[in-house]
2 protein chains.
Amino acid sequence: MLSQSEENYLKAIFSIELSNAKTVSTTLIAKNLSTKASSVTDMIKKLADKNLVNYEKYKGVKLTSEGKEIALNIVRSHRIWEVFLVDKLNYNWDEVHDLAEQLEHIKSTTLIDKLDKLLGFPKHDPHGDPIPTEAGEIEPINGKPIPNFKEGTIGRIIHIEDEPEIIYKQILAEDLHIGSQLHIVENNEKRVVFHSEGEEYVLAPIVANNITITELLKEEFSEEKSFRLSNLKNGEEAKIIGISRECRGEIRRRLLDLGFVINTKITVDLTSPMNNPRAYLVRDTSIAIRNEQAKFILIEKIKTHAKSH
Amino acid sequence: MLSQSEENYLKAIFSIELSNAKTVSTTLIAKNLSTKASSVTDMIKKLADKNLVNYEKYKGVKLTSEGKEIALNIVRSHRIWEVFLVDKLNYNWDEVHDLAEQLEHIKSTTLIDKLDKLLGFPKHDPHGDPIPTEAGEIEPINGKPIPNFKEGTIGRIIHIEDEPEIIYKQILAEDLHIGSQLHIVENNEKRVVFHSEGEEYVLAPIVANNITITELLKEEFSEEKSFRLSNLKNGEEAKIIGISRECRGEIRRRLLDLGFVINTKITVDLTSPMNNPRAYLVRDTSIAIRNEQAKFILIEKIKTHAKSH
DNA sequence: ATAAATTTTTAGTCTTGTCTAAATTTTTGA
DNA sequence: TCAAAAATTTAGACAAGACTAAAAATTTAT
Ligand SMILES: [Mn+2]
Ligand SMILES: [Mn+2]
Ligand SMILES: [Mn+2]
Ligand SMILES: [Mn+2]
């Protein structure tokens, strides 16, 4: 049975191997775990003794198949716990990482599979990361960070990295979401500018690097037609095209119960003094929800001059 | 922030204080934690430095109010996790203790309260132990172990201790359940004999000591009328009086869905070669369930010669 | 009351995981 | 190519927790 510390080292090595680093060096591991290189050397020797990594002095380290299997299991555990915390306990997706760092080390041969079942065998965690299967297979992430794409690219956010926390919080503050489509209009060493859901975003490249997107063909892109309900202006008419993937569990169910279902027409009905909450007219009913919820509802604006006969 | 080890010591001291021990001695703590007295002395000094226990050399140890609060929180956490594992993940009540020993140490200010809410604010864990409130109040257990009662006593099982494991497994093998009513017919140093749900049980006093009961007045006792469905004989007629408290979550819901609801009349319909499963006639429908499930259904036999006119 | 038995503490070690400082190896770049 | 810089390892130390053996205190039993 491995200690928590050993497990964390394996996980760190695994994540460095997945990144585009040539070799998994002592320093990279130390940085990843916020520890010192000398501590890493000590631990690597122990892991090599246990046949979990191959290690040659000064040459970096590589997981053995046994070590990789363990790392994948920890990743699986971490991500399933994150889904549990968001779906079942109604945490926000930005609150669950540290808790999952603890929960991933709980030792049990059955717990994770039972949780997986309870959650309906989710494929992705709340940050968009794929969850390895019981057999240790993991879907490759085929997107790249925003700064890798050239100006004019149209893409969809598939992943937002939750570490380091400072950058993560910044992205959250900007109100960017997994699933959002975007259009890159400027990209240089100073800044990255893109349009998404009717807003313009300006990010430093370091920040933008934590946002992974897949490129969309021009045809796939719904030409700036996809917005969040919170963006709907008074007098505009829209059609609901879905509830954002990052909204799950109880809140999602509640929104569906309230009638925010696909293809439903919607307009702004009443506005409160602070513009929050606002009431929307859905299926002849006025329903007031706060903007935090309205952000989860994806809409497509309808040209208002085209009245239904 | 306390270490897991420190938390375990506080929990051990708390549980010894709750028992009828005069003083919480080094040896008792060592026994409780399966460690050595010298280790205990070391740790007690540390806890005393942190003002979690009062300690005077050779005189035993006592939790301070601060220490007691922490201990109560760990107990709360442990028992809520046990409920989660049984109710949501469909573990059996005899499988959850060790996992809860790990989960109770997860650090979070919000996690346990969210879990508590998800579970519907349970009052007791799957072993019948009361769950302390957020404020640290705990319902006193007012029962006593079976050997404390004299012959002739009628009682109801309110708690089955899950440690030590050997004794616990023995009780499980005997098929005794929280909520069962029993009638003590013999009680001496050699053995304890009682009747419950149509069966006679003979236990060694050490084993019987792990079963806590409350005494019932003669009137409260349904005079041997309360049985488990698995005890119903061919040709007998019975009325369902409930589903046993130890059956929770998905399985309970399923049994209710199948029509095993209170006041329903029931008879044995068909019997399979091994007598398991058996089919029962409920509301004009024949439903086959296995004995393991039938044990959860509490019935009251109806005298068959009294036909409903 | 006092010797024997038991309990508790102390002293000294060991393991795990971490750190700093120093030594060694590898990489960089003039 | 070779000195300087950077990366890596080694040596030595420390804190947490646990253990054994021995010393000290307390309890028990004559
Ligand atoms: Mn995470
Ligand atoms: Mn994640
Ligand atoms: Mn338990
Ligand atoms: Mn319990």
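Predicted model: local features only at pLDDT ≥ 70, side-chain atom pairs only at ≥ 80, totals over all residues.
Local features require pLDDT of at least 70 and side-chain atom pairs pLDDT 80 or more, while totals for chains, interfaces and linings use all residues. Residues are numbered from 1 along each chain as written, chains are lettered from A and ligands numbered from 1 in written order, and side-chain values use heavy atoms, without hydrogens and water.

The manganese ion (ligand 4) is coordinated at 2.2 to 2.3 Å by Glu82(B) through OE, Asp125(B) through OD and His127(B) through ND1; donors are N, O and S atoms within 2.8 Å of the metal (3.2 Å for Na, K and Ca), and water is not among the atoms, so sites may look incomplete. Glu82(B) also coordinates the manganese ion (ligand 3), 3.3 Å from ligand 4. Glu82(B) lies in helix H4 (residues 65-87) of chain B and His127(B) in the loop between helix H6 (111-118) and strand S3 (144-145), so the pair ties together parts that are 45 residues apart in sequence. Helices (H or I, at least four residues) and strands (E, at least two) are DSSP runs, numbered from the N terminus. Both Glu82(B) and His127(B) are buried (under 20% relative accessible area, 1.4 Å probe, protein chains only).

DNA strand D is surrounded by 20 residues, the closest being Thr27(A), Lys45(A), Tyr55(A), Ser3(B) and Lys46(B), where near means a heavy atom within 4 Å.

Terms used
Buried < 20%, exposed > 50% of the residue type's maximum accessible area, 1.4 Å probe, protein only.
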